[in-house]
Amino acid sequence: MISTHNQNTLLKRVDKAILELMEIKEALAFNDSKSIKETEIINHTLDFFGISLNEFLGDTRKKHIVQARTFFSLFMFEEIGSTKTQIAKWLNKSHGTVVVSLPKLKEDIKNYKEVADRYNRYKVC
């Protein structure tokens, strides 16, 4: 017979293992839903901004993470020819989020030299 303490410890370990497997499954599904090109561009974005995939796909509105998403979106839309719907799906965001963010970033690139310079460095890498 297993003691209550040992049962609880075992259940916690099983729960932790299940969560880890779910995270692995999500990561694999994320990579399988994209071509190698999109995966490479996402990885470049993560490296360029020094952020994790969870931050990139998460709900945070921290400026540098939002900028990473919008740079990725604009690059995928203008340089690769992806649709706004595809971009929204990759980012786990709504189509409307992408629709609103692209003109805003274009305007910022036009009006702020530092944003334009950073986007140009992002595109070159």
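The talk below sets terms against values.

Mentor: This model is predicted: local features need pLDDT of at least 70, side-chain atom pairs count only at pLDDT 80 or more, and totals for chains, interfaces and linings use all residues. Residues are numbered from 1 along each chain as its sequence is written, and side-chain values use heavy atoms, leaving out hydrogens and water.

Trainee: How many helices and strands are in the chain?

Mentor: The chain has 7 helices and 0 strands. Helices are DSSP runs (H or I, at least four residues), and so are strands (E, at least two), numbered from the N terminus.

Trainee: Why does Val14 count as partly exposed?

Mentor: Buried means under 20% relative accessible area, exposed over 50%, and partly exposed in between (1.4 Å probe, protein chains only). Val14 has 40% relative accessibility, so Val14 counts as partly exposed. Val14 is found in helix H1, residues 4-32.

Trainee: Which residues of H6 are buried?

Mentor: They are Val98, Ser101, Leu102, Leu105 and Asp108. Their cover includes helix H4 (63-80), helix H5 (84-91) and helix H7 (113-124).

Trainee: What share of the 125 residues in the chain is buried?

Mentor: Buried residues make up 31%.

Note on methods
Contact = heavy atoms within 4.5 Å.
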